[in-house]
Amino acid sequence: MVSGMPRSTCPEPPRKGRTGRPRSAEADAAILRATRASLVDLGFSKLTMADVAARAGVAKTTLYRRWANKNELVVDAVAVLFDELELPDRGSLASDVEGVVLQFATLLEQPETKTALMGVVAESTCDDALRARIRSAIVERQKRLVVDGRRRAQERGELPREEDPRAADRNTDLVFDVVAGAVVHRVLVSAEPVDEEWARRFTLLLLSGIGALSG
């Protein structure tokens, strides 16, 4: 300030906060791969942020800038695997459902998926924030399979179009819960195989219920 000039009474513009380095998709992918590897080698209870950081070749602070704790990290590490699920176009709603059920079961049989889900679901019984993250990162994102399957079946004339969007949303939630609950229980709780015959019988049961909802 020049000597003798009156001091300005205007407020100073706010200072920009430090934004840090932008997130790297490559680093994120490496961290999530390292998390899944650690799950297989150590199990959920022994997995640590430090071990994951070492495997990924990043500083532990890098993990904590992205994830508050290992529970969040594990959810995101397994969520990307669920994002790879696809609804196959096999010519009919029944065949499409059978295809996605078989894919889902195969994913659940992977050691990293099985260990992660069993661990985070157990933790979520006393952690509301973790439960919400499971819903947003896995459950809500995978409901797209139900929505896509219904739309495709409607285009084929296999299902009537639903005029009430709220009823459509409720039916989507119910169908997803039935499919996910049955397959998760079969694979992770009963430890029974999900083969083509089981998928066929389950699909017949499911579609009879969907028909009743649509009627």
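Reader: Which residues of α4 are buried?

Author: First, note that this is a predicted model. Buried here means under 20% relative accessible area. In α4, the buried residues are Lys70, Asn71, Leu73, Val74, Val75, Asp76, Ala77, Val78, Ala79, Leu81 and Phe82. That makes 11 of the 13 residues, so α4 is largely enclosed by the rest of the structure.

Reader: What span is expected for α4, and what does it reach?

Author: The expected span is 1.5 Å times one less than the number of residues. Helix α4 covers residues 70-82 and reaches 19 Å from its first C-alpha to its last, close to the 18 Å expected.

Reader: Which residue caps the N-terminal end of α4?

Author: Look for a side-chain atom paired with a backbone nitrogen. Here the cap is asparagine 69. A side-chain oxygen of asparagine 69 lies 3.1 Å from the backbone nitrogen of asparagine 71.

Reader: How do the axes of α1 and α4 cross?

Author: Angles of 65 to 115 degrees count as roughly perpendicular. The axes of α1 (residues 25-42) and α4 cross at roughly 100° and come within 9 Å. The two helices, α1 and α4, are therefore roughly perpendicular to each other.

Reader: Which residues meet there?

Author: From α1 come Ile31, Leu32, Thr35, Arg36 and Leu39. They meet Leu73, Val74, Asp76, Ala77, Val80 and Leu81 in α4. By class, this contact has eight nonpolar, one polar and two charged residues.

Reader: What covers the buried residues of α6?

Author: The cover includes α1, α4, α5, α7 and α9. Among the buried residues of α6 are Glu112, Ala116 and Val120.

Terms used. Residues numbered from 1 in each chain as written. Predicted model: local features only at pLDDT ≥ 70, side-chain atom pairs only at ≥ 80, totals over all residues. Heavy atoms only, no water. Helix = DSSP H or I, 4+ residues; strand = E, 2+ residues; numbered from the N terminus. Buried < 20%, exposed > 50% of the residue type's maximum accessible area, 1.4 Å probe, protein only. Polar contact = N/O pair within 3.5 Å; in protein donor to acceptor, adjacent residues only side chain to side chain. Axes fitted to C-alpha atoms, helices over the stretch in contact; angles between N-to-C directions. Parallel < 35°, antiparallel > 145°, perpendicular 65-115°, else oblique. Contact = heavy atoms within 4.5 Å. Nonpolar A, V, L, I, M, F, W, Y, C, P; charged D, E, K, R; others polar.
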